[in-house]
Amino acid sequence: MAFVEIENLSVAFGRSMALRGINLSVERGEAVGLVGESGCGKSVTWLAALGLLPASATVRGSVWLDGKDILGAPKARLEPVRGGRIAMIFQDPAASLNPVHRIGRQIGEALTLHRGMTGERAKAEVIRLMDQVGIPDARNRINAYPHELSGGQNQRVMIAMALAGEPELLVADEPTTALDVTIQAQILDLLTTLRRDTGMAMVLISHDLGVVSETCSRIAVMYAGRIVEEAPSGQIFSHPGHPYTRGLLGSLPPLTGPRRRLVAIPGSVPEAARMPSGCAFAPRCDLSTELCAQVDPAPLPLADDHSAACVFAKPYQRNVHPVAGEGAFARERVLQ
Amino acid sequence: MLQYLLSRLLRAAVSIVMVVTFVFVVLRMSGDPATVIMGADAPPEAIDAFRKAWGLDQPLWVQYFAFFEAVFSGELGRSMRDGRDVVAVVLERVPSTLALTIPAFFVNIAVGIPAGVYAALHRNSLIDRCVMVMAVTGFAVPSFILAMLLVLIFSVTLGWLPSAGQDSWRNAILPIATMGFGGAALLARFTRSAMLEVLGQSYIRTASAKGLPWSAVVWRHALQNAAIPTITIIGFMLGGLVAGAVVVESVFSWPGVGRLLVVSVANRDLAVVQAVVLMIAMTMVAANMVVDVLYGLVDPRMQGQARAARR
């Protein structure tokens, strides 16, 4: 069994469904990218897994961590997991750090919680962590407040805080979105280096397919609260199976070859409360037919490690059992 | 920090000058003190003599500068009623007022802040709703209505507590309850909304994601941040310690500064009114200074501003 296995996870805020049955697994040491437009449920997936959503959210499904379901587990079991086994960093580092506490204290807090360190030992470890994430002059910066640091430095502080608990999985929720482009690259490099050095797994949440493909070996594409395609990074680019993935690829500017116009995906993500029947992407899809408005396709294997949830996706690897023909109906699933 | 304080002091001085000017102008526009004090049917010679004695026959700007000169030399003049030094007249009332406002201030804080925090932490619960109903009531019902309601219940109907005067400590209970309830209601509302705002912030999610128990998230991360806006309200209350009891003192015939102010305004006793208002302005300004210092202690970003101001 994988280190983390999310099984049929659904989240509803009142009557609107934010997640509609997510299945995703993360192996030890693996880097997985989670890609999709704003509001498709990328962050909610992991906030729900760690029990960090407000009480108004209805969460169903299972999240298996090392074979134990942690979804809805009592606080006493969840708190050691948060930051200790699965750490999370967020989009806006300046807002994610407490403005009235010194950064050394905020990092040290995680050390006390998960590794029982206090006093001078904790201080020395905070300085080591700050060195490790590339904050210059750590010995003095330990006393700085978040507003005295730049956005990139604050994100490094967040990463140091996440590393403090020696987690087995780091969930990086759009870690570079609020940062300058040059800083973005530095932070991504840092994450890659840290992963190599510590062997921790990583989930990189992003709306940027380019960013994710450089950093992760496997990519899951999300649309409207569901994973619509999942494959190793290379195959996402060589054999995109879902029209939404193709749309995302089309909106990436190519660095080589002739200049071309970027293709935008028309329309916008449907509101969670007004999900169309059938395939959620159908209203924006240029392939959509009457069938798409009726069936909500389940993921179909296109190759060993590649699946896409589209009735028109074609398997491209011989040894994958073909389900074409009558298959279109075999994989259909009617919306709840 | 020193320069920061000095700039604040300068601003404070400007506020006081403006308040004094305002009082000077308004009081002189709203009626002739000579006629009010001497009576409308007093002989014209007597009125002229009164005006001459108090300098009211001088042009306005002369009176104005004379008044400023007096303020800066600490000579605020004599009461037009009984000829005593106004500073003494005002200061002898201060202990009575503080005997009401200081206990009320502690009631405000001891009740208002915990109620607001609890309501925010249990948003939409039954207790939250009760707290909010009480808070809105305390906010919406004017203090004199509440005061009369309390008198009706505890003095008239039950006969437990006296309704007026200053004979014993029991006389202070109803005025303190009136002011305590109103202030606690205001503070509970502000604390609740400050706390809700903070609990929705990203750094609270970070603290939870770090693995901190919820109680530690609230105590270590939420409260200090929620304290920042709440301090503003507490500052207003602090500034009102001397002046805040005008209405309540009048209802309960409590011989404090507030009642002195009301009586002096009615009598056009300019010197006393000016002295009271000046003192109120000074306590307000002093309270603001305290708030600024507290901000610096609670919010490190303000210290940054202080440093920037020094450069």
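Predicted model: local features only at pLDDT ≥ 70, side-chain atom pairs only at ≥ 80, totals over all residues.
In chain A, an open sheet is built from eight strands, arranged in the order β6-β7-β8-β3-β9-β10-β13-β12 with mixed pairing. The edge positions are taken by β6 (86-89) and β12 (300-303) of chain A; each has a single partner strand, so one side of each is left without a neighbour in the sheet. On average, and with direction ignored, neighbouring strands of this sheet are turned by 20 degrees against each other. In general, strands of a sheet pair through backbone hydrogen bonds, in either a parallel or an antiparallel manner.

Strand β8 of chain A (residues 201-206) runs parallel to β7 (residues 169-173) of chain A, and the two are joined by five bridges. Within this pairing, Asp173(A) has Ile205(A) of β8(A) as its bridge partner. Two helices of chain A that pack on the sheet can be described by their contacts. Helix α7 (residues 151-164) of chain A touches β6 and β7 of chain A, and its direction makes about 170 degrees with that of β6(A). Helix α11 (residues 243-250) of chain A touches β3 (31-35), β9 (218-223) and β10 (226-232) of chain A, with an angle of about 105 degrees between its direction and that of β9(A).

Strand β8(A) also pairs with β3(A), in the parallel sense and over five bridges. Here Val32(A) is bridged to Val203(A) of β8(A). Six of the six residues of β8(A) are buried. One side of the strand carries Ala201(A), Val203(A) and Ile205(A), the other Met202(A), Leu204(A) and Ser206(A), and both faces are covered.

According to an unreviewed UniProt entry, residues 4-249 of chain A are annotated as "domain: ABC transporter". Over this range the chain is 41% helix and 26% strand, and 28 Å lie between the end C-alpha atoms.

Chain B is divided into domain 1 (2-91) and domain 2 (94-255). The centres of these two domains of chain B, taken over C-alpha atoms, are separated by 36 Å. Arg192(B) lies in helix α9 (residues 170-199) of chain B. This residue, Arg192(B), counts as buried because it has 26 C-beta neighbours inside 10 Å, the cut-off being 20 or more. When residues up to four places away in sequence are not counted, Arg192(B) touches Gly116(B), Ala119(B) and Ala120(B). Arg301(B) is 109 residues from Arg192(B) along the chain, and their C-alpha atoms are 23 Å apart.

Methods:
Residues numbered from 1 in each chain as written. Chains lettered and ligands numbered in written order. Pairing = 2+ DSSP bridges. Helix = DSSP H or I, 4+ residues; strand = E, 2+ residues; numbered from the N terminus. Axes fitted to C-alpha atoms, helices over the stretch in contact; angles between N-to-C directions. Contact = placed C-beta atoms within 7 Å. Domains from an automatic or database assignment. UniProt positions renumbered as here; feature names shortened; annotations may be inferred. Buried ≥ 20, exposed ≤ 12 C-beta atoms within 10 Å, placed from the backbone.
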